[in-house]
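Subject: Structure handover

Hello,

Here is the structure I promised to pass on. Please open it first, then read my notes below.

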Amino acid sequence: MCGVFGIHGHPEAANLAYLGLHSLQHRGQESAGVVTCEDSTLHAVRKMGHVAATFTRERLARLPGTSAVGHTRYTTAGGSLPKNIQPLTVESRSGALAIAHNGNLVNAEELREELEADGSIFSSNSDTEVILQLMARARGDDLAARLGQALTRVRGAYSLVLLSSHGIVAARDPHGFRPLVLGKVRGHENSWVVASETCAFDLIGAERVRDVAPGEILSIRADGLRSVMMRRGDPRYCVFEHVYFARPDSRIDDLGVYNRRVAMGRRLAVEHPAEADLVIPVPDSGMVAALGYSKQSGLPFEIGLSRNHYVGRTFIEPKDSIRHFGVKLKLNAVPDVLRGKRVVVVDDSVVRGTTSRKIVKLVRDAGARAVHVRISSPPVTHPCYYGINTPTRDELIGSKHDVEETRRFITADSLGYLSPEGLLEAASHSDSRQYCTACFTGDYPVPIERASVRHQLRLIEV
Ligand code: AMP
């Protein structure tokens, strides 16, 4: 998962990109980068680590120009290495180019082998570079046209923002797995922005215009906006964005995330009521769903777990040792809330089950009389190959164990997951939009070839 940002036609492009990335920090904490363009020259600041650590006043001052692209990254393909930090930049026939990518290509290995056999040399092991190499071979001077040609070859998930001296190009795969939204900076008639989520717009005083459509290539230049549909969109929006990934204050694909999450919590309360005294969220990921559960059930909402916000998202750290240590670093129980109480603990998802297990223990050790775990999504049974960092099937507790076995593993008094139908109803509100639910169902909208999967794993080990 990653966050992407692009801005065109603004005198403060670098500063606004930097601020935008702050709002997208939750989408990836491994590295951050901004590339700006002045005349025909690209200027880049890219570092491992958080946005706040990457950009100093001095570094931002070295990013001139009125257009910029930015990226926050966590690894889904390619290693967690400095050479893979995005935006990636290249010199091409028609000038310098930068690209920021959220998503994951499922045929990157095949394409890479083909390109290497034909003489291409890769400078990173990120799947994103495949797009650049394909663009280098495409015909035409127009960036959007060359991107369009390149994208006919790739399959999988991509929300892209590219920067050249001609302007910015944004593109979204035909299924629209990952979000991408277009906005305008208030008070700057010709300043357009694109970002993974609208929360990036709120911070910089931009307003949402519309979503970039699945299958659309959007070219933003000094002479205005041009849109081309590379293929008819066949939306399969990622439902997990609404469950977990996106910020609750964001609007993605024209639905407010907060309300969807409340609806999931409400539905969870209907499907899995509990004899309890209060509801507590696992902060922050279970916060809004727990509120929904409380509203629907009438049980009081309390903060029974306190979160240390100065520790990064633990699951996201690639190393196991850090992840396991993480829960204690991050969460502590509030005994005054929990002592002697029957508690409903709401979280958004169970992946390996290790977090829930530790939380149940924390809550019990703080004196809770009973711990009922409620999860606002179905069991994760399949890995995501479209850009969310899930482990292999073997590590997913939901793929190997039924609900009762999982309950025993996490040592809860009861365990209830939101049903797939309940999730889709809550996520869709009143319209019947199509979601990708592969992580819960194994129903992959873009087929996964064995080779690509092997490649992904091999690269992660690099
Ligand atoms: P686990 O211990 O593996 O069951 O992890 C479950 C916790 O990880 C839940 O609290 C989720 O909010 C969180 N989580 C689920 N998916 C992801 C993800 N892709 N990246 C980071 N955290 C996640």
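Does aspartate 39 count as buried or exposed? At 66% relative accessibility, aspartate 39 counts as exposed. Keep in mind that this is a predicted model.

Aspartate 39 sits in the loop between strand 2 (31-38) and strand 3 (41-48). Its phi is positive, about 55 degrees, although aspartate 39 is not a glycine. Most residues other than glycine have a negative phi, and most peptide bonds are trans.

Aspartate 254 also has a positive phi, of about 65 degrees, and is not a glycine. Look for aspartate 254 in the loop between strand 15 (251-252) and strand 16. With a relative accessible area of 39%, aspartate 254 is partly exposed.

Two cis peptide bonds deserve a look. One runs from glutamine 86 to proline 87, with omega near -5 degrees. Proline 87 belongs to the loop between strand 4 (67-73) and strand 5 (88-92). The other runs from proline 283 to aspartate 284, with omega near -10 degrees. Aspartate 284 is in the loop between strand 17 (278-281) and helix 10 (287-297).

**The ligand**

How many residues surround the ligand? There are 16, and the closest are Asp347, Asp348, Arg352, Gly353 and Thr355. By class, the shell has seven nonpolar, six polar and three charged residues. Helix 8 (239-245) and helix 13 (354-365) each supply at least two residues of that shell.

A polar side-chain atom of threonine 355 lies 2.4 Å from an oxygen atom of the ligand. For glycine 353, a backbone N or O atom lies 2.7 Å from a ligand oxygen. For threonine 354, a side-chain N or O atom is 3.0 Å from a ligand oxygen. Taken alone, the ligand exposes 500 Å², and the protein buries 96% of that.

Helix 4 covers residues 108-117. Its buried residues are Ala108, Glu109, Leu111, Arg112 and Leu115. Seen down the helix axis, these buried residues fall within an arc of 160 degrees, so they line one face of helix 4. Glycine 119 follows helix 4, and its phi is positive, near 105 degrees.

Helix 16 spans residues 420-428. Buried there are Gly422, Leu423, Ala426, Ala427 and Ser428. Their cover includes helix 8, strand 16 (255-256), helix 9 (257-271), strand 23 (435-436) and helix 17 (438-441). Histidine 429 follows helix 16, with a positive phi near 60 degrees.

**Two buried residues**

Arginine 178 is in the loop between strand 8 (167-172) and strand 9 (181-185). Why does arginine 178 count as buried? Because its relative accessibility is 1%, and buried means under 20%. Its side chain reaches the backbone oxygen of tyrosine 386 at 2.6 Å. Beyond residues up to four places away in sequence, arginine 178 touches a set of residues including Met1, Arg27, Glu241 and Ile388.

Alanine 14 lies in helix 1 (residues 13-23). Alanine 14 is buried too, with a relative accessible area of 5%. Leaving out residues up to four places away in sequence, alanine 14 touches Thr36, Leu60, Leu63 and Ala68. Alanine 14 and threonine 66 are 52 residues apart in sequence, yet 7.8 Å apart in space, C-alpha to C-alpha.

Best wishes

How values were computed. Residues numbered from 1 in each chain as written. Predicted model: local features only at pLDDT ≥ 70, side-chain atom pairs only at ≥ 80, totals over all residues. Heavy atoms only, no water. Buried < 20%, exposed > 50% of the residue type's maximum accessible area, 1.4 Å probe, protein only. Helix = DSSP H or I, 4+ residues; strand = E, 2+ residues; numbered from the N terminus. Arc of directions from axis to C-beta. Near = heavy atom within 4 Å. Polar contact = N/O pair within 3.5 Å; in protein donor to acceptor, adjacent residues only side chain to side chain. Areas by Shrake-Rupley, 256 points an atom, 1.4 Å probe, with all protein chains shown as cover. Nonpolar A, V, L, I, M, F, W, Y, C, P; charged D, E, K, R; others polar. Contact = heavy atoms within 4.5 Å.
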